[in-house]
Amino acid sequence: MNEYLKAERSVAWREELRKSMKNKDRTAITRVEMPEVDPSIRSHNYDEVNLGLTEEMAVTESHRCLDCVDPTCISGCPVEINIPKFIKNIERGEYLEAAKTLKETSALPAVCGRVCPQERQCENSCFYTQKLNKVPVAIGHLERFAADYERKSGNISIPEIASPNGKKVAVVGSGPAGLAFAGDMAKLGYDVTVFEALHELGGVLRYGIPEFRLPNDIVDVEIDGLSKMGVKFETNIIVGKTISQEDLKKAGFKGIFVGSGAGLPNFMNIPGENLIGIMSCNEYLTRVNLMGAGDPESDTPVYMGKKVAVIGGGNTAMDAVRTARRLGAERAVIVYRRSEAEMPARIEEIKHAKEEGIEFYTLHNPLRYEGDERGRVQKMLLQRMELGEPDQSGRRRPVPIEGATDWMDVDEVIVSVGVSPNPLIPQTFTGLEVTSWGTIVVNNDTMQTADDLIYAGGDIVRGGATVILAMGDGRKAAKSMHEHLSK
Amino acid sequence: MNKIISKEYLSEKVVRFEVEAPLIARSRKAGHFVIVRVGKKGERVPYTIASADTKKGTITLVVQRVGKSSEKLCSLEPGEYITDMVGPLGKATHIENFGTVVCAGGGVGVAPMLPIIEAMKNAGNRVISVLAARTKELIILEEQVRQFSDEVVIMTDDGSYGEKGLVTDGVEKVIQREKVDLCVTIGPAIMMKFVSKLTGKYNVPTVASLNTIMVDGTGMCGACRVTVDGKTKFVCIDGPEFDAHKVDFDEMLMRLKAYN
């Protein structure tokens, strides 16, 4: 890998670009700001909030990248995108080349450019952050620019595909882990079939992440790209139910990758939680994102509360509360048991939520709910909390303040306190090792399960993580399954 | 896309469909359900599989026209396609030789009961089926039920067929007459609640097949949650069948009205 990076870095055009501007001048450039739709407008529609960089902005930002000898940013990326190479391609105006570079290692660049927590990954490993104590190069924004440019140009490149090797592999689930795996295996010449339980493809990219953060047509284009690479997709098939592990073997699949996700929502098991109007974030977001509830044409109903509380502080909680706002909530509140500093949500999501008028009730935790005579939730009792000593996660533990409780009027509550792995595969497959949490045990280096022909990755292994970590797992699994099947 | 092979009205509002679904036909067992979506704007709705023909690669669904989504489904004709169908979902019915089993089906609930009656009979049970409906025209699948039952009791609210009375009256008569080892009940939630109450009184173990609101049907959303023995369960993956005496039917009845 290092040899490859060195070789790429020493090509003539990169050398010239480096010489064309002094590092001192590069570091003097101010980081670009992502243009956004005004909060007062966007909180009433589903249009994407971030507008994307203009060509001029992207080129200026690309000049900030120093094309370092040791590009630490790459090691911060779970799929190891050749970051300096794509950014320098933007600098020299070769935007389509930049997009191709992304596709060398990422099956879903337009998705990652939108939903990756770059501030914790590549941008956190950027030379600017690490050594200069300055704001990092806007790698995520540039990634999105290159991917969007290619899509809008109509010149969508298809990665080079090895000649077919005649080996069939199956993928369970069409979310980010499965798609990344499918893309890499297709490139290696495998005959790949992806099985999806729902009627639409994309997994959490479709049912989970709202349109204002990740438009569905972006997901469509990325999946279409994989189809063009020869990946076959079958919807409405539940592996383990519609077809069994044995069926897959009989059908000649040499390897199986399980990326079935974390499709089991957690509840808090507190009194009144089954009242009408209280639901999981998965239910709420699936109704809106997958089923189009909220659109008057859709047959699927959804609650459109006026006083909505979302319990939790993760990205999904932010997605839910901002969706509630768009569906007409006059008051939309995040209720989180720790303080804002401990929130797992991306800083950008918290910022966007606040701009859209979301209230934050940090250091509060629901104790119980009460409803009206028809069983509809009316109010919830909140326990006030304070921060105590750090717990195992290193975050300060929330401790109840005795006697400090408040009632809050609500007509809809969305519970977003994490998800557990979907039990369908662990229940119906034999030969897997499963933890007491329901996650599938894998070798962390190879993603191989206890059955050497079955690999797994994403939330079914991690229990609840990010799109890019899932994709990283998919890539890793593809590499090691390929090695295994090539023996 | 699943092609409709045949369509038959069992009563004015109840339609039986035979639908092409070879993979589901092959893997389904008694008690399983499917999720169906009609049209691109359609809702995902669960229906219990009434029977399957593995040779033809078809399954049978019995659908009651009660709302927008079932209306849409019932408007489809043979040769037309159901947009999406996925399954089999849920846990299969636990079948063994219990001894004497009473199968209490109300209204359209007789359809999903049919494969259970058949499986219970094949496992060596003495099967007594109690079919109930408001009136004679709404008693469905009687002939098929008779094929696998040692005895069939018919109850109608208006006395237009069989005996006049509720399903519980029929079940109680049997329990008072002979030892019943298990009762299985499928029908409207309110009916199952009262069957459960009755059998609880006589300590007859009872299984109810619950039909709650669902979205994905695979455990992902939790719309279908019910309280069983004080704990929250998901009908789609933990059920659809539960120990009826432990089900909080009042909560279930309340939750069924979430979108009314």
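How many residues of chain A are in contact with chain B, and how many of chain B with chain A? The legends below answer this for a predicted model, in which local features need pLDDT of at least 70 and side-chain atom pairs count only at pLDDT 80 or more, while totals for chains, interfaces and linings use all residues. Residues are numbered from 1 along each chain as its sequence is written, chains are lettered from A and ligands numbered from 1 in the order in which they are written, and side-chain values use heavy atoms, with hydrogens and water left out.

**View 1. The interface of chain A and chain B.** Here 42 residues of chain A are in contact with 41 residues of chain B, where contact means heavy atoms within 4.5 Å. The two chains bury about 3,400 Å² between them, with 54% of it on carbon and sulfur atoms; buried area is the accessible area (1.4 Å probe) that two parts lose on being put together, summed over both. On the side of chain A, the residues that lose the most area to chain B are A:Lys241, A:Asn274 and A:Asp299, which together make up 22% of what that side buries.

**View 2. A salt bridge between the chains.** B:Lys72 and A:Asp299 meet through their side chains in a salt bridge, with 2.6 Å from N to O. Between chain A and chain B the count is four salt bridges, each being a side-chain nitrogen of Lys or Arg within 4 Å of a carboxyl oxygen of Asp or Glu. Strand 5 (264-265), strand 6 (278-280) and helix 16 (281-290) of chain A are the elements that give two or more residues to the side touching chain B, and helix 16 gives the most, with four residues. Helices (H or I, at least four residues) and strands (E, at least two) are DSSP runs, numbered from the N terminus.

**View 3. Domain 1 and domain 3 of chain A.** Chain A is divided into domain 1 (18-153), domain 2 (168-263 + 421-485) and domain 3 (267-418), with bounds that come from an automatic or database domain assignment. The centres of domain 1 and domain 3, taken over C-alpha atoms, are separated by 32 Å, and their contact takes 17 residues from domain 1 and 16 residues from domain 3. The area buried between these two domains is about 1,200 Å², of which carbon and sulfur atoms give 38%.

**View 4. A salt bridge between the domains.** A:Arg346 forms a salt bridge with A:Glu119, and their closest N and O atoms are 2.9 Å apart. Between domain 1 and domain 3 of chain A the count is four salt bridges.
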